[in-house]
Amino acid sequence: MSTAVAESRTEQLLKMSDAYGAHNYHPLPVVIEAGKGCYVTDVDGKRYLDMLSAYSALNFGYSHPRLLDAAKRQLEKVTLTSRAFHNDQLGPFCKELCELSGFEAVLPMNSGAEAVETAIKCARKWGYEQKKIEDGKAEIICAKGNFHGRTTTIVSFSTDAQYRKGFGPFTPGFPLVKFGDAGELERAINKNTAAFLVEPIQAESGILVPPAGYLKQVREICTKHNILFIADEIQTGLCRTGDLFAWQHDNARPDMMCLGKALGGGVVPISVIVTSKKIMSVFTPGDHGSTFGGNPFACAVAREAMKLIRSEGLDKRAREMGDYFRAKLKSTNSPAVTEIRGRGLLIGVQIKPEYGNARRFCEAFMEEGILCKDAHEDVIRFAPPLVIEKIDIDWAMDRIGPILQNARPI
């Protein structure tokens, strides 16, 4: 009689992904089938609390009824027209996003990387047409440790060796300065500088929060030298850090902003740049575009997402729940932890080198029903949906706490 144990659905699907999928990710070995609120269920019926929320794309949690209703209504009408024609959702979407953000003009795309590429093109053309930089010489200063996406141009100004290895030659024109050092930024500016592109908080580098007042200094320097201040708020925007946008913590309004992830409510990809009419005017028909950019399906969902931001007080909730969660994490007094940092519900837990990498802890949390992700190898990133409740955080800490407290060096 055979004693072989039947494979679980999880094991079957992991093997299938390994056999037929590209190996460009190293996800935790969980296969999600369904989600509701802050919780997901895998294909074998195990329930988990999601504390990553798809890198902040799921700020509203899973299966929010208003977002699903908006999606269903639009699915029954039209999903795609391309920009060869107008559609009835794009104009209202742009108007409502301008009203929400305080900017004047919107250019929609799909992914976050596309938004950053759009910002780069816009800044360069602005530099040539409005600042009169010599043709072909425009530079955009970026911060070391940045993560703005993975296109060939964007990895050209990454300082992560893995993101660059094997993908050259690289696009020139992107000097790098230390994140959080406004003086170094000012010293790097020259006659060819068109813009400074920066994340208000560096999420992929380990939830690095710059010194208080840094963004305000950036704003002043950019104004002084007539260069554009571009804020990449793709992860930090739309209430994640406790304000609608992370630049608001310093009252440092940028000239241009990249948004994405949560804008689509975790239902559909949509990204944008928002800026002034004068800056956006550098684009003329044929300069830039996307077949799916501004499609009516994505715009309809994003319009409902913006209504939820207004009606559900997610900025206040992110502040309150973030303060509560960080306090709980600090109270563990874990020997493995050097620092707990972050803002709102974007939190990083720095692990000491002698305790191994952060993935080790993420795998242990997964076994206890909690999903999160390592950032920069030595930081545990917690970024749960903004609809999380204290009871959920308490449940999580009953499992996170002992793992952190009882950690031993490897």
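I take two strands as paired if DSSP finds at least two bridges between them. Strands (E, at least two residues) and helices (H or I, at least four) are DSSP runs, numbered from the N terminus.

I am working on a predicted model, where local features need pLDDT of at least 70, side-chain atom pairs count only at pLDDT 80 or more, and totals for chains, interfaces and linings use all residues. Residues are numbered from 1 along each chain as its sequence is written, and side-chain values use heavy atoms, with hydrogens and water left out.

**Four-stranded sheet.** I looked up the open sheet with the order S1-S2-S3-S13 and found mixed pairing. Its edge strands, each pairing on one side only, are S1 (32-36) and S13 (370-371). Four bridges link S1 to S2 (residues 39-42) in the antiparallel sense. Within S2, Asp42 stands opposite Ile32.

**Seven-stranded sheet.** I read the order of this open sheet as S4-S10-S9-S8-S7-S5-S6, again with mixed pairing. S4 (105-109) and S6 (176-177) are the edges, and each pairs on one side only. S7 (residues 193-198) and S8 (residues 228-232) run parallel and are joined by four bridges. Leu197 has Ile230 in S8 as its bridge partner.

**Backbone.** I found a cis peptide bond from Gly168 to Pro169, with omega near 5°. Pro169 lies in the loop between helix H7 (161-164) and S6.

Cys239, not a glycine, has a positive phi of about 85°. Asn251 likewise has a positive phi, near 50°. I located Cys239 in the loop between S8 and S9, and Asn251 in the loop between S8 and S9. Cys239 is buried at 1% relative accessibility, whereas Asn251 is exposed at 63%. Buried means under 20% relative accessible area, exposed over 50%, and partly exposed in between (1.4 Å probe, protein chains only).
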